Structures are given as C-alpha cells and as structure tokens.
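Welcome, and please open your viewer so that you can follow along. Each stop says what to select and then what you will find there.

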Amino acid sequence: MNKNSWILYIGILVFGLVAPFIFPAFKVQLSILCVLIVLATTWNIQGGEMGYNSFGNILFYGLGMYLCASVQVGMFFPLAEWTESGGEKTFVHTPSQFFQGMAAGLVVAAVVPTIVAGLIGYSILGLRGHYFAICTLGLGVAAGEISGGIEIIGAGQGFTTPPFPNIGGLEARGEFFYFLSFGALVLTFIAVRAIYTTRFRLILNAIRDNEDKAEAMGIETMKYKISGWMISAFFCGLAGGIMGGLVGYIDSTDVAFDGREMGVFMVLMAILGGKGTLWGPIIGATLFHFFKEGFWTFFLGWQYVALGVLIVVIVIYFPEGLMGWLREKYPERFGEVVDEADRKAQVELK
Amino acid sequence: MDFLVFQYPMITIQACLDGLLLGILFALIAYGMALQWGVMNIINIAQGDLVILGGYIAYFMYLYGIHPAWGVIVSPIIMYFVGIAIYKLVINKVVDRDLFISILATFGISILFMQLMNFAFGADVVLANSGYGTTMLFDNNVVLPNSKIFSAFISIVFAICLVVYMKRSKLGRAIRATAQNARAAKILGVDTEKVYAATFGINAALCGVAGALISITFTIHPYMGLPYTIRSFMIVIVAGLGNLPGVAMSGMGLGIFEEFADYILGTEFRIGSVFLLLVLILVYRRFKLSRKREYLK
C-alpha cells in the first residue's frame with residue numbers, strides 16, 4: 001500500500017465521519033448508500049470473484065433483517081404479542097434495552113445467515129452457471145413467500161421494528177443509524193480488502209476462470225466456494241439487520257426478501273461498477289444510488305419502468321462495467337504491462 | 001396442516017383432476033420455454049409476464065363485450081408481434097452471449113412489463129368470466145369448471161398444431177436445423193436471424209394462448225408472472241430440452257403437486273412450495289450427477 005492510497009482512505013474516512021453533519025438532510029440516504037455498498041461489495045465476492053452469479057443473497061439479507069428485529073423484541077417482550085399488536089405499541093423499549101437488543105440482534109443477524117450459508121452451501125454450490133442463478137432466485141422468492149405465512153413474525157401484515165428510544169428525537173436516530181451503517185461499511189471494506197490480498201482471492205478467481213482445472217490443480221474448490229458464500233452471507237445479514245432498524249417496518253416480500261428490488265440491485269450495482277474489482281461495486285453502488293433516487297424523485301410512479309430499462313441497457317451495453325471499461329482504455333493504470341509496439345500493431349490491425 | 005385430503009377420496013380425485021388440467025396449461029408455457037432455450041440458448045425470465053400480458057388481452061376483449069374465448073385466437077396474434085419487437089430490441093443482442101446476461105436482461109424486461117401492466121390495467125386481481133358453467137362428477141362430489149376442461153383441450157390442440165408445424169413446414173425445419181447447429185444451418189442458407197425472431201415470436205404467441213386461457217380459468221394480476229416462469233423452467237429441466245412427452249408429463253405432475261400442496265399446506269404456501277420444489281429438484285439432480293463427477297450443463 002503506497003502513500004497515495006493511504007491519503008485516499010483517510011480522506012474517505014474523514015468525509016464519512018463528517019458527512020452527516022455537512023448534509024444533515026441526507027442522513028437516511030447516506031445510511032442506505034452505505035448498506036447498498038456493503039451489499040454490492042459482498043455480492044462481488046462470490047458473483048464477481050468466484051463467478052457464481054447469485055440472485056439469492058437477498059435470502060441472507062432478509063434473514064438478518066427478521067432475526068435482528070426478533071431478537072431485539074424477543075429479548076425483553078413476548079414476540080407473538082408484539083407482532084399481534086402491530087402498529088399500536090403496548091411495549092416500549094427503554095434506551096438501554098433498545099441498544100442492548102440492537103447489539104445482540106446484529107450479532108445474531110450476522111452469525112445465523114453465515115451458518116445457514118454454510119449448511120446449504122454444499123448442496124447449492126454444486127450447481128453451476130445459470131442453474132445456480134435460477135436456484136438461488138428460487139430460494140430468495142421461496143423464503144419471502146414462506147416468511148409471509150409465518151404468524152409469529154407478522155405474516156402478511158408485517159413486523160414493526162422497535163422504534164428508536166425518545167432521546168434526541170429524529171436527529172439522534174438518523175445519526176445512530178448512519179454511524180451504524182458506516183461502521184458496517186468500514187468493517188466490510190477492511191475485511192474485503194484484506195481478503196483480496198490473500199491467496200484466497202486467487203483461488204476464487206481460479207474457480208471463476210475454470211473450475212475443473214482448479215480442481216485438477218489440487219484445490220478443494222467446494223471448501224473455498226462455501227467459505228466465499230459464507231463471507232457474503234455474514235455481511236448481507238449484518239446489512240439486513242441495520243436496514244430493518246432503519247426502515248422501521250419489515251414486510252416479507254416488499255422489504256425483507258425483496259428479490260424484485262434489493263435482490264436485483266446488488267447484482268446490478270456490482271455489474272455497473274465492474275465485477276471482480278475492489279472499487280467497482282463501491283463506485284457502482286454510489287452511481288446507482290444517485291440514479292435510483294433521481295428516478296424515485298423525478299419519475300415517481302415510473303421508477304420501475306426506468307429501472308427495467310436501466311437493467312437492460314447496463315447488461316447489454318456495459319456488461320464489463322465502469323472499471324472494465326477503464327481497464328480496457330487505460331490498462332497501464334491497472335498495473336498491466338503493455339508493450340507499446342504490440343499495442344500499436346493491434347490498433348493497426350483493427 | 002390439513003390431512004382431510006387423504007381421508008376423503010373425493011377430495012383426492014378433485015385435486016388430481018384439477019392438477020391435471022392445470023398441468024396441461026403449464027406444459028404449454030414450458031413448451032415455449034424449451035423451444036427458445038433449445039434454439040437460441042437463452043432463458044427468458046419474462047416468460048411469465050408474457051403470459052400475463054396475453055391474459056390481459058383476453059380480459060380486455062371480455063370487458064368490451066366479446067367472449068373471452070376468442071382471446072385464444074386474438075391474443076397469440078398480438079403476442080407474436082410483441083415477441084418479435086422484444087427480439088429486435090433486446091434479445092438479438094444477448095443470443096450469443098453468456099446465459100447469465102440473458103437471465104439478467106430478461107429480468108429487466110420482466111420488471112418493465114410488470115410495471116407497465118400495473119399502470120395500464122391496475123393492480124387488481126381480475127378474471128374474464130366465460131360463463132361456461134361446471135361439470136359434476138361422482139354424485140356431485142367432484143366439481144370441474146367447464147372452462148378448465150376447455151382450456152386443457154385448447155392447450156392440447158395448440159400443442160399438436162405446433163408439433164405438426166415444426167415437423168412439416170419449411171420454417172419448422174429451419175428452426176430445428178438451427179437448434180441442432182446454428183453455424184451449419186447458416187452455411188446451408190438458413191437465415192438464422194429470421195429463425196430466431198420467429199422462434200421468439202412463436203414462444204410469445206404460445207404464452208399469449210396460455211395467458212388467455214389462464215384469464216378464463218384462473219385469475220391474472222400484473223405481478224403474478226414470475227411463478228409461471230419458474231414453473232416452466234422447472235418443467236423443462238425435469239423433462240429435458242426437446243422431449244415433448246416429457247414436458248407434458250412433468251407439467252401435469254407439477255399441476256398435481258401444486259393442488260396437493262394447496263390442500264395440505266394451505267394456499268398461502270402454494271407459490272412458496274413451487275419455488276422450494278425447484279430448489280429441491282436442482283439439488284437432487286446435482287447430487288445424482290456428482291456421483292459421476294458431472295454437473296448440470
């Protein structure tokens with residue numbers, strides 16, 4: 001790591017820490033942006049690096065969301081009565097109960113999806129290519145449909161997460177969730193960056209490029225595939241837990257297991273920025289969030305139409321993403337050695 | 001959990017017959033899926049949305065006082081051109097590429113269609129009333145709506161027509177040749193671009209027929225598309241590409257499975273059980289193949 005990148009990281013960190021005070025009106029938006037970046041970056045671990053394009057990471061996200069809220073409520077009050085009472089609150093968390101519950105909830109929200117990913121990983125990751133994609137799509141939708149039928153977590157009417165305790169009002173709530181999601185983002189970035197400098201990343205890339213050959217070279221691919229998926233699941237669950245508290249209301253198919261929105265968004269953000277790079281998903285998520293908020297503001301009602309068109313355009317015209325395009329244009333910047341004569345010869349050939 | 005279904009044989013018969021009639025419809029949609037998958041090597045997530053769009057055409061005829069059964073004729077004609085338009089705009093750019101690209105691109109089309117239909121037709125669950133009445137069997141213990149029998153009959157007629165067309169006509173031969181080897185077909189003078197467009201159009205037309213029948217027998221709603229896609233995908237992977245009797249059999253099997261899941265688990269888990277079945281089938285196939293150190297291709 002050289003001096004320039006240190007300056008960049010510290011600059012981003014400082015910006016992240018002061019951002020809610022510079023743009024107080026956008027605190028919720030910035031928190032959502034942090035969550036989106038976490039989702040895109042962790043999707044990229046097995047989507048971009050490992051080549052297993054999953055539509056099912058939404059499963060871990062929704063699981064984390066429900067688990068965090070359930071733990072937060074269930075630690076202090078009976079869960080069934082809470083969901084039954086719906087919007088009318090019969091129980092109120094004290095501030096210390098709220099924060100303790102949130103902390104415990106986030107731990108559970110991160111750990112349980114990781115275990116689930118480990119358990120189902122062996123079966124699901126044996127599928128390849130489009131079978132894997134459709135299978136995980138099915139998993140995500142099935143999870144949404146089934147959780148929509150379970151009474152204790154609110155079934156069809158939804159689950160209201162504990163409201164923020166009455167200290168400091170809306171400002172404090174926004175800051176709390178901003179710093180929580182920013183913390184998750186920093187944690188994710190450090191973890192992913194550390195992973196990407198190890199042999200683990202090279203093995204994932206080998207699996208992406210040719211799984212059979214990787215296996216023939218003596219790599220136990222299944223072990224690494226499951227580990228990769230578990231890392232994704234860990235951060236997806238964490239992001240889901242935070243998002244549940246931020247939104248304040250969990251619905252099975254519209255908020256938690258929202259394959260039509262979040263499930264596609266994370267794929268799209270990673271592709272927009274460039275799969276298989278560290279910075280691609282981050283840039284992609286940021287750009288996408290601006291696009292999305294623009295759509296949601298200016299084309300209200302037409303946002304899904306715009307979204308559908310955006311997906312088609314990105315997939316058809318920018319399948320390599322922004323980073324892929326830059327790499328093609330300026331290969332030297334990405335540390336590729338380019339022979340000048342060779343490059344000229346290629347240009348002439350065209 | 002409700003095990004009443006096993007205690008009363010009449011309910012079992014009812015569920016089986018309902019499932020069979022429903023399954024024939026699924027098989028028709030799956031046939032279109034198999035056709036485009038085999039010929040163009042794309043997986044169309046928007047398949048179910050094409051079905052729903054076809055259903056809305058029949059529903060609109062019903063609203064304007066025309067009997068919705070005529071939708072079976074009108075809807076495929078309109079849907080054929082819709083299919084050609086989708087092909088020209090999007091699909092022809094993803095035909096030769098990675099399957100994941102086609103999945104994602106058609107996912108985009110699916111979202112687009114869902115929302116456009118939501119604008120155009122509203123978010124209500126609708127059905128076109130055919131007024132066909134019902135048939136009673138076994139001392140009035142089993143009730144079959146005539147519209148279901150009608151829809152199964154029409155599905156079979158269309159499927160047979162299509163099979164004959166694929167076997168006998170020039171275009172059918174060109175489609176089959178392209179499916180076998182696109183490169184060789186091109187060398188021998190088949191305009192593969194045209195064949196692809198026609199294939200996608202025929203697929204959309206089949207979806208149109210199925211949609212019109214669904215709007216008569218069941219209900220349609222703009223967001224109900226994805227389960228139809230998943231069902232047809234499932235039927236195709238169970239039966240294999242180009243195995244028409246297999247498609248019909250597994251379609252009917254799926255229909256019966258769904259009816260029983262509906263009775264035993266409850267209606268709220270019906271769609272969930274379909275998606276879970278897909279996961280289970282894929283995982284089963286994966287373990288079966290991995291014994292021979294192979295994987296699903």
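The tour below goes from the contact between the chains to helix pairs and then to single residues.

**Before you start**

This is a predicted model, in which local features need pLDDT of at least 70, side-chain atom pairs count only at pLDDT 80 or more, and totals for chains, interfaces and linings use all residues. Residues are numbered from 1 along each chain as its sequence is written, while chains are lettered from A and ligands numbered from 1 in the order in which they are written.

**Stop 1: where the chains meet**

Show chains A and B together. The contact takes 33 residues from chain A and 35 residues from chain B; two residues are in contact if their C-beta atoms, placed from the backbone, lie within 7 Å. On the chain A side, at least two residues each come from helix 5 (95–124), helix 6 (129–147), helix 12 (259–273) and helix 14 (303–317). Helices here are DSSP runs (H or I, at least four residues), numbered from the N terminus. Which helix of chain A gives the largest share of the side that touches chain B? Helix 6 of chain A does, with 12 residues.

The side of chain A that touches chain B has 21 nonpolar, 9 polar and 3 charged residues. Ala, Val, Leu, Ile, Met, Phe, Trp, Tyr, Cys and Pro count as nonpolar, Asp, Glu, Lys and Arg as charged, and the others, Gly among them, as polar.

Now select Ile311(A). Not counting residues up to four places away in sequence, Ile311(A) touches Val264(A) and Leu268(A), as well as Leu104(B), Phe107(B), Gly108(B) and Ile111(B). In the largest nonpolar core, which has 194 residues, Ala239(A) and Ile311(A) touch the most other members. Such a core is a set of buried Ala, Val, Leu, Ile, Met, Phe, Trp, Tyr and Cys residues joined through C-beta atoms within 7 Å. A residue is buried if 20 or more other C-beta atoms lie within 10 Å of its own, exposed if 12 or fewer, and partly exposed in between.

**Stop 2: helices around helix 10 of chain A**

Select helix 3 (residues 57–74) and helix 10 (residues 221–247) of chain A. They pack at an angle of about 50°, with their axes 7 Å apart. Axes are lines fitted to C-alpha atoms, for helices over the stretch in contact, and angles run from 0 to 180 degrees between N-to-C directions. The two helices are therefore oblique to each other; angles under 35 degrees count as roughly parallel, over 145 as roughly antiparallel, 65 to 115 as roughly perpendicular and the rest as oblique. Among the residues making this contact are Phe60(A) and Gly64(A) of helix 3 and Ala239(A) and Gly240(A) of helix 10. By class, the contact has 12 nonpolar, 9 polar and no charged residues.

**Stop 3: a helix pair in chain B**

Move to helix 10 (residues 225–239) and helix 11 (residues 244–265) of chain B. Their axes come within 9 Å and cross at roughly 130°, so helix 10 of chain B is oblique to helix 11 of chain B. Residues that meet here include Met234(B) and Ile235(B) from helix 10 and Val247(B) and Leu254(B) from helix 11. The contact has 7 nonpolar, 3 polar and 1 charged residues.

**Stop 4: single residues**

- Asn41(B) sits in the loop between helix 2 (9–40) and helix 3 (47–63) of chain B. Its phi is near 55°, a positive value in a residue other than glycine. With 18 C-beta neighbours inside 10 Å, Asn41(B) counts as partly exposed.
- Pro222(B) is in the loop between helix 9 (192–217) and helix 10 of chain B. Is Pro222(B) buried or exposed? Pro222(B) counts as buried, with 23 C-beta neighbours inside 10 Å. Its contacts beyond four places in sequence include Ile52(B), Met114(B) and Phe121(B).
- Lys167(B) lies in helix 6 (residues 146–168) of chain B and counts as exposed, with 10 C-beta neighbours inside 10 Å.
- Gly129(A) belongs to helix 6 of chain A and is partly exposed, with 17 other C-beta atoms within 10 Å.
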